[in-house]
Each structure stands twice: as structure tokens, then as C-alpha cells.
Amino acid sequence: MSHGALLTVAAVGVALLLLMIIKAKIQPFVALVVVSIGVALTAGVPAAELVATIEEGMGSTLGHIATIIALGAMIGRIIELSGGAASLAHSLMNRFGERRTPLALTAAGFLLGIPVFFEVGLIILMPIAYGVARASRKPLLVYALPMGAAMLTVHAFLPPHPGAVAAATTIGADQGWVLLFGIPVTAVVILLGYLLAKRMTRREYPMTADVYAKVFGEEADSADSETAPKGPVEGAENPPSFGMVVSLIVTPIVLILLGTIGTNFLSEGSTLRAVLTVLGAPMVALLVAAALAAYFLGARRGWSSARISEVMGSALPGVAMVILVAGAGGVFGKVLVKTGIGDAVADVLDRTGLPLLALAFAMTMLLRAVQGSTTVALVTTAGLITPLLQRTDLSPQQLALVCLAMGAGGLSVSHINDAGYWMFTRLVGLEVGDGLRTWTVLTTAMGVAGFLLTSLLWLVV
């Protein structure tokens with residue numbers, strides 16, 4: 001087929017994907033698989049090769065990311081149910097002091113957001129924000145807005161979150177470099193978001209009656225079933241220490257970074273490089289962290305082996321569909337390559353003259369704004385721009401920055417088609433208009449800031 005025909009097929013496929021997700025409310029995994037099959041057949045993939053193409057795309061993607069996402073979820077679940085998340089938040093609040101409690105909760109959102117998915121982290125920390133707002137008699141949004149934005153920022157930018165892992169895997173970016181650049185970029189973006197949120201919340205926004213009663217009314221003393229942490233928090237009476245929780249969160253990050261440093265700076269054949277390469281593989285690093293979390297937060301504090309297994313297993317149902325969506329995104333990317341659509345899209349993008357970072361950011365932000373899911377936006381963009389990246393001679397550092405630029409786009413424009421938007425606004429009692437004026441504006445500003453910071457790093461590397 002000609003490039004024009006292939007581009008038409010691609011455009012129709014993406015439009016159909018968006019319609020299925022947005023209008024028909026079809027599960028993104030199913031929509032991605034159906035559209036991938038339709039695009040493959042329309043663009044000329046022989047029927048005999050269709051199944052092999054799908055299996056190859058799914059297998060190559062899940063081979064990299066399934067274990068990482070599952071282990072990350074297990075670590076987060078153990079931290080949650082051991083009481084470590086609440087311990088982390090309260091310790092930070094004590095260290096920062098009453099005046100800087102919003103900053104303390106923002107820092108808690110940043111640290112807890114690394115191993116814990118956005119929705120789960122929000123559920124864990126929101127009751128703490130309720131209690132602080134009740135004690136200070138200040139608006140809940142003062143505490144909740146920067147805290148929630150911090151968790152969403154980590155979710156969009158950093159492994160082991162599914163969108164970041166899938167994007168890095170698809171374009172071939174080293175996750176160590178993604179973390180090495182991404183952690184400081186994310187920290188700066190979150191600090192800027194905190195300052196902007198502080199300015200935004202000078203104005204008081206009305207709260208819905210049910211949330212106001214929950215925070216400031218008589219029934220505020222009893223934990224609401226929708227905002228209390230899910231599952232029994234077994235460490236509530238004797239929670240893990242601040243240092244223990246932070247050490248467990250940092251362990252896989254340090255191992256991955258050491259692996260990247262060893263690969264780039266130690267001579268081939270050296271024993272130390274081999275050891276660091278193995279320990280620095282994201283799967284191994286997270287496996288080590290999961291084992292340490294099981295021991296220090298579980299076995300050492302009285303959990304039986306059966307309980308530890310139960311807790312770790314309970315993390316998997318919540319991430320199963322996320323893993324499948326990322327795998328289906330890999331199928332879509334494989335179809336784009338197999339049919340030649342990827343090369344056709346790459347030709348068009350190449351002719352626009354836009355820098356790679358700008359393309360990665362703009363495409364992800366557009367898809368995020370249109371269909372709502374950060375993960376879907378990241379995996380779709382990664383599939384579309386991979387053929388263009390393969391034509392360039394980018395260094396590992398530059399590929400990592402492209403991944404971060406996509407993360408900045410995935411952070412932006414969280415609005416009414418995003419489940420995270422509704423979850424946040426409902427928990428803090430914001431009306432739709434006020435949610436758009438605060439949450440949507442803040443996440444978009446932080447996404448743009450993330451892209452600008454990534455662009456500055458691009459000039460350096």
C-alpha cells in the first residue's frame with residue numbers, strides 16, 4: 001500500500017480506538033486488541049501471520065513489563081497493609097512541622113507514589129489529609145491538591161508505573177537512565193506544583209456537603225468506607241519506622257541506578273560489572289526489594305508465611321488489567337511496524353520539522369486529553385514514534401529524555417474523561433468547574449514544566 005493509504009488506515013484505527021474507549025466505554029485492552037487486528041488485516045498482513053504478529057507483540061512487551069509491574073504492586077501492598085504508608089506520612093508531618101504540613105504531605109505523595117499506584121496512594125493518604133484539615137480548620141484542598149498532584153506526577157514519569165515502563169520498553173530506553181534523570185525532574189516538577197497549588201488555594205473553593213460533613217462534621221471521626229485504606233492495616237498499633245519504609249522504597253531505585261552506572265563506567269568482563277548488571281536489572285531489583293519488604297515489614301513483625309503470601313497475592317488482581325492494557329499497546333505497536341504504518345507515520349512526523357521531544361510530548365498530551373488514560377496515551381505514542389526514533393542515532397540518555405517527555409504529556413490535561421480526575425474531585429468535594437480550575441490547570445502546568453525541564457537536559461546531554 002502507498003504511504004497515503006497506510007496513513008489513512010492508521011488515522012481511522014486511532015479514531016476508532018478513541019471512539020471505542022470514550023463513546024462506547026469498551027475496556028481499553030479489548031479496544032486495543034480489536035483495533036490492532038482490524039488495522040493489521042486492512043493494511044495487508046496475511047491472515048496466516050495475524051495470530052503470530054499479535055502473540056509476538058504481546059509476548060515481547062509483557063516479557064519486559066509484567067514482572068516489574070507485579071513486583072512493584074506487591075511492594076506497595078505490603079507497605080500499605082503494614083501501616084508503613086501512614087507511618088511515612090505522619091513522620092514527614094512531624095519533621096516538617098505544622099506550618100509546612102502541606103509540603104510534608106506533598107513529600108509523602110512523592111515517596112509513596114514510587115511503589116504505590118496513584119489511585120491506591122490517594123485512598124491511603126486522603127484520610128490523613130482529612131484529619132489534618134479537621135485539626136487545623138483549614139480547607140482540605142490546601143493539603144490534598146499538591147499531595148494528589150505529586151502522586152500523579154510520579155505515576156506518569158517513573159518506573160515501576162505501567163505507562164513509564166511500557167514506554168521505556170517500547171522505545172528501547174534504559175530504565176536506569178529514566179530514573180537517573182526522572183527522579184530530579186519529578187522532584188522539581190512536584191516542588192513547582194506545590195508552589196502553584198499554594199497560590200491556587202489562597203482562594204477557598206466550596207466543598208460538597210457530604211465531604212464537608214466527613215471532614216469537619218460529627219461523623220468525621222469515623223473512617224468512611226470509601227476513603228479508608230482497603231484491607232486490614234495490621235501495623236496500625238506498631239507501624240514500621242520512617243527509615244525502614246524509605247529504605248525499602250529507595251532500594252530498587254539504587255540497585256537499578258548502580259546497574260546503569262556499572263554498565264556504562266566499568267570495564268567489560270569485570271566481576272563487579274556483572275554483579276551490578278544482574279542486581280540492576282529492574283526485575284531483579286524489585287524482586288530483592290519485595291523480599292526485603294516481606295521480611296522486614298512482614299515476617300520480622302509477626303506475619304506468618306501464609307499471610308505474607310496472601311498480602312502479596314492480593315496486589316495482583318488490581319494490576320492484572322493494567323498489565324494487559326500495556327501488553328495490548330505492544331500489540332498495536334507491533335502491528336504498526338509489521339504493516340509499514342510506523343514508517344509512514346515516521347515520514348510525516350519527520351517532515352513536520354518539530355524536535356523529537358516536542359513530538360513525543362505533544363502526541364502524548366493530545367492522546368491523554370482525548371481519551372483520559374495516561375497509560376494508554378504513553379503506550380500508543382511510544383508505538384507511533386518508535387519507527388522515527390529508529391531512524392535517528394540517539395544515545396541512551398536521549399532515549400530516556402524522550403521517555404520523560406512522553407511522561408510530561410501523560411501528566412497533563414487530567415479532566416472529565418479521566419478516572420483519576422473524578423476520584424480526586426469526589427474525595428475532596430469539588431464541583432466539576434472547580435476541579436477543572438484547580439486539578440486540571442495544575443496537572444497541565446506541571447506537565448509543561450516537566451517538558452521544559454526535560455528540554456533543558458536535552459541541551460546538556
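**Aromatic rings**

Student: How many aromatic pairs does the structure hold?
Tutor: There are 6 aromatic pairs in the structure. Keep in mind that this is a predicted model.

Student: What about phenylalanine 361 and phenylalanine 451, how is that pair arranged?
Tutor: That pair is stacked, because the ring centres of phenylalanine 361 and phenylalanine 451 are 4.6 Å apart and the planes are at 10°, with under 30 degrees counting as stacked.

Student: And which helices do they lie in?
Tutor: Phenylalanine 361 is in helix H17 (residues 356–371) and phenylalanine 451 in helix H21 (residues 432–460), so the pair ties together parts that are 90 residues apart in sequence.

Student: Are those two buried or exposed?
Tutor: Phenylalanine 361 and phenylalanine 451 are both buried.

Student: Okay, next: what kind of pair do tyrosine 421 and tryptophan 422 form?
Tutor: An edge-to-face one, with 5.1 Å centre to centre and 85° between the planes.

Student: How do they stand for burial, tyrosine 421 and tryptophan 422?
Tutor: Tyrosine 421 has a relative accessible area of 0%, so it is buried. Tryptophan 422 has 40% relative accessibility and therefore counts as partly exposed.

Student: Which residues do ring pairs link into a cluster?
Tutor: Phe118, Phe424 and Trp439 are linked that way.

Student: Switching to charges: which ring does arginine 95 lie over?
Tutor: Arginine 95 lies over the face of phenylalanine 242, 4.1 Å from the ring centre.

Student: And arginine 307, where does its charged end sit?
Tutor: Over the ring of tryptophan 303, at 5.7 Å from the centre of that ring.

Conventions: Residues are numbered from 1 along each chain as its sequence is written. This is a predicted model: local features need pLDDT of at least 70, side-chain atom pairs count only at pLDDT 80 or more; totals for chains, interfaces and linings use all residues. Side-chain values use heavy atoms; hydrogens and water are left out. Rings of Phe, Tyr and Trp (its six-membered ring) pair if their centres lie within 6.5 Å; planes under 30 degrees apart count as stacked, over 60 as edge-to-face and the rest as tilted. Helices (H or I, at least four residues) and strands (E, at least two) are DSSP runs, numbered from the N terminus. Buried means under 20% relative accessible area, exposed over 50%, partly exposed in between (1.4 Å probe, protein chains only). A charge sits over a ring if NZ of Lys or CZ of Arg is within 6 Å of the ring centre and within 35 degrees of the ring normal.
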